[in-house]
Amino acid sequence: MDRRRFLAGTVATTAAIVIVPLAPAAATPEAMAEAIKKVVGAATPTQGRVKLDVPPLVENGSTVPLTVSVDSPMTAADHVKAIHVFNEKNPQPNVFSARLGPHNGKAIVGTRIKLGDSQRIIAIAETSDGKFWSAGADVIVTLAACLEEAT
């Protein structure tokens, strides 16, 4: 292959990529409900035992502090297996999932997240007895983040 054919092929490929529009992220409350269903299956999460600590009003959605704690003895017989956090309007409804065990000592996870708009956040704890517990919070965002496309 000579240089001219290579450059012509590269330009044609680049033009095709630029011309094809990207679909906007389909971030909806329905997408969040579907993501939750993938985690809990047919079970219905019960309100309680989970505390979701997130500010109700944030000025900048690029760095929102979030802490999830679960009331659990964290023993071998009774412990939190996982904590899952979901949102309804970001490009992807799954914020994160943290796997835990009795060796953790406490069922608490803290981090910072991005929020693309004012929305509802849901935290779900999965316990060793197969039950799911949940808590939710509404967050008002004055300056949005998460403007990238979903992957």
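Two strands count as paired if DSSP finds at least two bridges between them. In this predicted model, Thr 67 stands opposite Gly 110 in β7.

- Three strands form an open sheet in the order β2-β4-β7, and their pairing is antiparallel.
- Its edge strands are β2 and β7, each of which pairs on one side only.
- From one strand to the next, the twist averages 10°.
- Between β2 and β4 there are four bridges, in the antiparallel sense.
- Val 50 stands opposite Val 70 in β4, and Asp 53 has Thr 67 of β4 as its bridge partner.
- On the other pairing, β4 and β7 run antiparallel and are joined by seven bridges.

**The two faces of β4**

- The covered face of β4 carries Val 64, Leu 66, Val 68 and Val 70.
- Its uncovered face carries Pro 65, Thr 67 and Ser 69.
- In a regular strand, side chains alternate between the two faces of the sheet.

**Nonpolar cores**

- The largest nonpolar core has 27 residues, and those touching the most other members are Val 50, Leu 52, Leu 66, Val 68, Val 80 and Ile 121.
- At least two residues of this core come from each of β2 (50-53), β4 (64-70), β5 (80-87), β6 (94-99), β7 (107-113), β8 (119-127) and β9 (132-143).
- β9 supplies the largest share of this core, with five residues.
- Apart from this core lies another one of eight residues, including Met 32, Val 40, Ile 122 and Phe 132.

**Thr 127**

- Thr 127 belongs to strand β8.
- The relative accessible area of Thr 127 is 1%, under the 20% limit, so Thr 127 counts as buried.
- Not counting residues up to four places away in sequence, Thr 127 touches Arg 49, His 79, Val 80, Lys 81 and Trp 133.

**Helix α2**

- Helix α2 (residues 29-40) has twelve residues. From its first C-alpha to its last, α2 reaches 16 Å, close to the 16 Å expected at 1.5 Å a residue.
- Met 32, Ala 35, Ile 36 and Val 40 are the buried residues of α2.
- Seen down the helix axis, the buried residues of α2 fall within an arc of 125°, so they line one face of the helix.
- An α-helix has 3.6 residues a turn, so residues three or four places apart point the same way.
- The buried residues of α2 pack against β5, β6, β8 and β9.
- Glu 30, Lys 37 and Lys 38 are exposed on the other side of α2.
- Gly 41 follows α2 and has a positive phi, near 65°.

Key:
Residues are numbered from 1 along each chain as its sequence is written. This is a predicted model: local features need pLDDT of at least 70, side-chain atom pairs count only at pLDDT 80 or more; totals for chains, interfaces and linings use all residues. Side-chain values use heavy atoms; hydrogens and water are left out. A nonpolar core is a set of buried Ala, Val, Leu, Ile, Met, Phe, Trp, Tyr and Cys residues joined through side-chain atoms within 4.5 Å. Buried means under 20% relative accessible area, exposed over 50%, partly exposed in between (1.4 Å probe, protein chains only). Axes are lines fitted to C-alpha atoms, for helices over the stretch in contact, and angles run from 0 to 180 degrees between N-to-C directions. Contact means heavy atoms within 4.5 Å. The expected span of a helix is 1.5 Å times one less than its number of residues. The arc is that of the directions from the helix axis to the C-beta atoms.
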